[in-house]
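Reader: I have a chain to read before I set anything up. Take me through it feature by feature.

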Amino acid sequence: VTDSRKMASWVLGTFRDRSELTMLTLFKSLVRSRLEYCCPVWDPHLIKDIQAVESIQRYFTKRIAGTKDMDYWDRLKKLRLMSLQRRRERYTIIHTWKILQEKAPNSTNLEFYCNERLGVRAKILPFNYKAQRSVSTAYDNSFGVKSARLWNLLPKQVNTVKELEAFKIALGEFLAQYPDKPPVPGYTPPNSNSLLDWSCER
């Protein structure tokens, strides 16, 4: 986060053009790419950590022409951006698809099965619920468990797509059905903004 914050400050100090096209191009290529490197592995779950990562995009987008007086949630809509939190969950789902299609190593031993009505489902590893709370938290936020839970949100028409680009399009249409309101200091979001939370409210 510190490295990305420094890069964002450097970009804003070096380039004077604050137009949407220029700013988003610079942000996506020089700043966001650093924040998302291997993100399925380190995806934070604590609100303070989610806010710390999100603050980079929040800070940068506020400098884009025409967005200064908008709150962060509205800026995301205007600029057609996903929150960094939502993008990390998207990457997790895409990586799970790659494991299913044997295009990425299955280092967490994810298992899948077919359901006639629901399509391809991921097995969620069993857990001893008598364990300590800290162990339960680590279990819930491990890649093997979180990726399976996110994957199982997908309807059959999405989880059975076999071509990557077609899957990304179908996934994008599915994600667009959910609100994207990441936790921001000073605002009270309805939930953690995870797809897992939004799915419980539908």
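This is a predicted model: local features need pLDDT of at least 70, side-chain atom pairs count only at pLDDT 80 or more; totals for chains, interfaces and linings use all residues.

Reader: What pLDDT does the chain average?

Author: Look at the average, then at the elements. The chain averages 92, and 96% of the residues score at least 70. Among the elements, helix 7 (residues 133-140) has the lowest mean pLDDT, at 71. Helix 9 (residues 156-159) has the highest, at 98.

Reader: How many helices and strands are there in the chain?

Author: Count first, then read the order. There are 11 helices and two strands. From the N terminus on, the order is α-α-α-α-α-α-β-β-α-α-α-α-α. The radius of gyration is 18 Å, close to the 17 Å from the globule rule for 202 residues, so the chain is as compact as a globular protein of that length. Along its principal axes, the C-alpha trace spans about 55 × 40 × 30 Å.

Reader: How many positive and negative side chains does the chain have?

Author: Count both sets, then compare their centres. There are 34 positive and 21 negative side chains. The centres of the two sets lie 3 Å apart.

Reader: Why is Thr 108 called partly exposed, rather than buried or exposed?

Author: Check the relative accessible area against the cut-offs. Buried means under 20% and exposed means over 50%. Thr 108 has 28%, so it is partly exposed.

Reader: Which residues is Thr 108 in contact with, leaving aside its neighbours within four places in sequence?

Author: Phe 143 and Gly 144. Both are among the buried residues of helix 8. That helix, residues 143-151, is mostly covered: eight of its nine residues are buried. Val 145, Leu 150 and Trp 151 are also among them.

Reader: What separates the C-alpha atoms of Thr 108 and Thr 137?

Author: Read sequence and space side by side. The two residues are 29 apart along the chain, and their C-alpha atoms are separated by 18 Å.

Terms used. Residues are numbered from 1 along each chain as its sequence is written. Side-chain values use heavy atoms; hydrogens and water are left out. pLDDT is the predictor's confidence in each residue, from 0 to 100. Helices (H or I, at least four residues) and strands (E, at least two) are DSSP runs, numbered from the N terminus. The radius of gyration is taken over C-alpha atoms; the globule rule is 2.2 Å times the number of residues to the power 0.38. Lys and Arg count as positive and Asp and Glu as negative; His and the chain ends are not counted. The place of a charge is taken as NZ of Lys, CZ of Arg, CG of Asp or CD of Glu. Buried means under 20% relative accessible area, exposed over 50%, partly exposed in between (1.4 Å probe, protein chains only). Contact means heavy atoms within 4.5 Å.
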